[in-house]
Amino acid sequence: QLDALVGELDRVRSEAGHAGRCVLVRGRRRVGKSRLVEQFCAQTGLPYVYFTASHQGSREPAMFGDEVLQSALPGREVFAETHPASWDAALRLLTSALGDDPAVVVIDEFPYLIADDASIEATFQKQWDRLLARKRVLLLLVGSDLAMMEALNTHGRPFFQRGTELFVPPLSPAETAEVVGARSAAAAFDAFLLTGGLPLLASDWSRRSTMWTYLERALMQPTSSFIVSAERTLAAEFPTDVQARVVLGQIGSGEVTFTHIARAAGGLAATSLQRSLEVLMTKRLVVRDVPLSTRPSKEARYRIADPYLRFWLRFVGPHLAEIERGRGDRVLERIRRDWSVWRGRAVEPVVREAIARLLPIDGLPPASAVGGYWTRTNVPEIDIVAADRSAVAGALAFAGTIKWYDDRRLGTADIAKLAQDIAALPGAHPALPLLAVARAGVDASGVVALGPEDLIVAWP
């Protein structure tokens, strides 16, 4: 990501006249966007201004002016003479403050400005086209609302094609392994499921310590980043929408179907639940999965997209009071008791992503989509189904099972059960290739076998 930003800045530096460049930086909360941009600004050696929006409405332009005054922009004094009352005025003044040499301007939490004033996009577009794009400036618009940041650059929006998009992802399982010093690929996946690849959480992990040591230390400190990161994310995402947060909590606790979520949320009406689910999916906090086969299905399941938030909602959030009174040991005891079952479910989407990245795999035909299959009664339930396309497939490529136990290898009985389940899979045939994924290894013939060491290389 740093290289990408440096490349954009090089284009600003190398051109005269119409040299302005804009980058739309997006990524989920606490993934390290602000840290990335701060480091980039510091290493450029150029004058820059860094402003973070904070839902202050009409006060924001003047607050932006104060940040410019504290910066090293050559013409910053223009803001001492005038306190802008609008973003239109603030951006015109910024043009004068920039001067003729390259500079960087950062507006963090840009979606907050849009939420407070829907005309902001048009304002920025107008001043960018008329003035700022003619300056030697790199404008970075940063935001955690993934859907809104993506929408900025779509057809029909004022800022369409005026900015280059830069996505800042969480650390991958392989990168997480490097940060925490994981002793094995299997341990790396454990660390990823706990931290979600969030750099702040991973960097708190003492290198080469076990996950249990990490958890014990984190749970005994109510102010640890592991405890408070999820709270801060939820507070930022749902400052007023209590109902969506309740629905998120029910999904995090293990409810996956529409009916069960509604019941667990206190008999929530279908229309209200649908609205909340749409909010959660728009914010990319929840994913809606559907069975993959050659037959349409309405048996959708909902899951938390972020592994860390999924863990936190299941084991930490409901027991914050215990942690705050120093009884993190009780929370840790529950985690030890239920960890194996929880991990077995939580690792499935990670394994599917790894398989999709690894394809083509020796012994398996090509596929464009990797998912799972289930029915309303979960009979059968198949962990891995690969096909030529998602949703309703034209043809299946292979099917498989996942057994993510510490010390039980996947054996012939598991493969026999998989073959039995596949018989009820729409689109399956007797010659469908089989895949076996196991944490502890595979003792079965006639299948393609993958373990943690095979999967971790899916991420460079």
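Q: Is Asp-338 buried or exposed?
A: Asp-338 counts as buried, because its relative accessibility is 18%. Buried means under 20% relative accessible area, exposed is over 50% and partly exposed is in between, with a 1.4 Å probe and protein chains only. Keep in mind that this is a predicted model, where local features need pLDDT of at least 70, side-chain atom pairs count only at pLDDT 80 or more, and totals for chains, interfaces and linings use all residues. Residues are numbered from 1 along each chain as its sequence is written, and side-chain values use heavy atoms, with hydrogens and water left out.

Q: OK, and what does Asp-338 form a salt bridge with?
A: With Arg-314, and the closest N and O atoms are 3.1 Å apart. A salt bridge here is a side-chain nitrogen of Lys or Arg within 4 Å of a carboxyl oxygen of Asp or Glu.

Q: New topic: how many salt bridges does the structure hold?
A: It holds 34 salt bridges. One of them joins Glu-150 and Arg-26, with the closest N and O atoms 3.4 Å apart. Glu-150 sits in helix H8 and Arg-26 in strand S1, so the pair ties together parts 124 residues apart in sequence.

Q: Which residues are linked in a network of salt bridges?
A: Arg-301, Arg-345, Glu-348, Arg-352 and Glu-381.

Notes: Helices (H or I, at least four residues) and strands (E, at least two) are DSSP runs, numbered from the N terminus.
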